[in-house]
Amino acid sequence: MPKTSRILQALASLTLLASSGSALAEAPSAFLKKCAPCHGKDGTGAGAFKGKAFDFSKKTPSKPAFTKAVRAGKNPMPKFDPSKLSDADLDAIYAFVQTLKR
Ligand code: HEC
């Protein structure tokens with residue numbers, strides 16, 4: 001019964017999606033608020049700086065490079081010091097952008 005197995009497969013991947021989504025619940029909200037306006041909701045840079053902001057679906061920066069860019073800024077990207085973005089949010093966002101690589 002191929003139809004049933006396809007439905008089961010779809011259900012299984014939905015469950016997977018739901019569980020990985022809840023594990024990263026914090027990251028998308030901080031990301032959506034502070035990064036998505038320029039980097040796009042999907043992290044491809046399809047936002048306000050279309051084509052110019054870093055595309056996380058192509059490459060994941062190393063943690064030190066990521067932290068430096070976020071904390072120090074990278075013109076025209078503003079810097080996010082710890083008063084604007086906690087270390088926990090930074091870590092959560094880094095964990096999230098790692099999932100965007102295709
Ligand atoms: C005002 C728009 C804007 C916002 C807001 C913004 N970025 Fe960026 N970001 C950019 C642009 C534009 C670049 C490309 C800069 C360049 O390469 O010269 C960039 C580059 C980066 C890079 C790559 C640095 C490298 O190694 O080349 C990282 C990492 C990054 N942004 C993370 C973030 C995160 C995380 C947030 C949210 C906390 C964020 N950005 C918010 C516009 C923005």
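A residue is taken as buried if 20 or more other C-beta atoms lie within 10 Å of its own, as exposed if 12 or fewer do, and as partly exposed in between, with C-beta atoms placed from the backbone. A nonpolar core is a set of buried Ala, Val, Leu, Ile, Met, Phe, Trp, Tyr and Cys residues joined through C-beta atoms within 7 Å. The structure is a predicted model, in which local features need pLDDT of at least 70 and side-chain atom pairs count only at pLDDT 80 or more, whereas totals for chains, interfaces and linings use all residues. Residues are numbered from 1 along each chain as its sequence is written.

The protein contains five helices and zero strands, helices (H or I, at least four residues) and strands (E, at least two) being DSSP runs numbered from the N terminus. Along the sequence the pattern is accordingly α-α-α-α-α. Of the 102 residues, 15% count as buried. Among contacts between residues at least 6 apart in sequence, 46% join residues at least 24 apart; a contact requires C-beta atoms, placed from the backbone, within 7 Å.

Confidence is expressed as pLDDT, the predictor's value for each residue from 0 to 100. The protein averages a pLDDT of 81, and 73% of the residues score at least 70. Among the elements, helix 4 has the highest mean pLDDT (98) and helix 1 (residues 2-23) the lowest (50). Over residues 14-27 the pLDDT is below 50, and this stretch has seven contacts in the model beyond near neighbours in sequence. Where pLDDT is low, the predicted coordinates should not be read in detail.

The largest nonpolar core is made up of seven residues: F31, C35, F56, A92, I93, F96 and V97. Helix 5 (residues 87-98) gives the most to this core, with four residues.

Around the ligand lie 21 residues, of which C35, C38, F54, A69 and M77 come nearest; a residue is near a molecule or strand if its C-beta atom, placed from the backbone, lies within 6 Å of it. The shell comprises 17 nonpolar residues, one polar and three charged, where Ala, Val, Leu, Ile, Met, Phe, Trp, Tyr, Cys and Pro count as nonpolar, Asp, Glu, Lys and Arg as charged, and the others, Gly among them, as polar. Helix 3 (36-39) and helix 4 (63-72) each supply at least two residues of the shell, and helix 4 gives the most, with four.

S86 is found in the loop between helix 4 and helix 5. S86 is exposed, because 12 other C-beta atoms lie within 10 Å. S86 and A30 are 56 residues apart in sequence and 9.9 Å apart in space, C-alpha to C-alpha.

Terms used:
Two residues are in contact if their C-beta atoms, placed from the backbone, lie within 7 Å.
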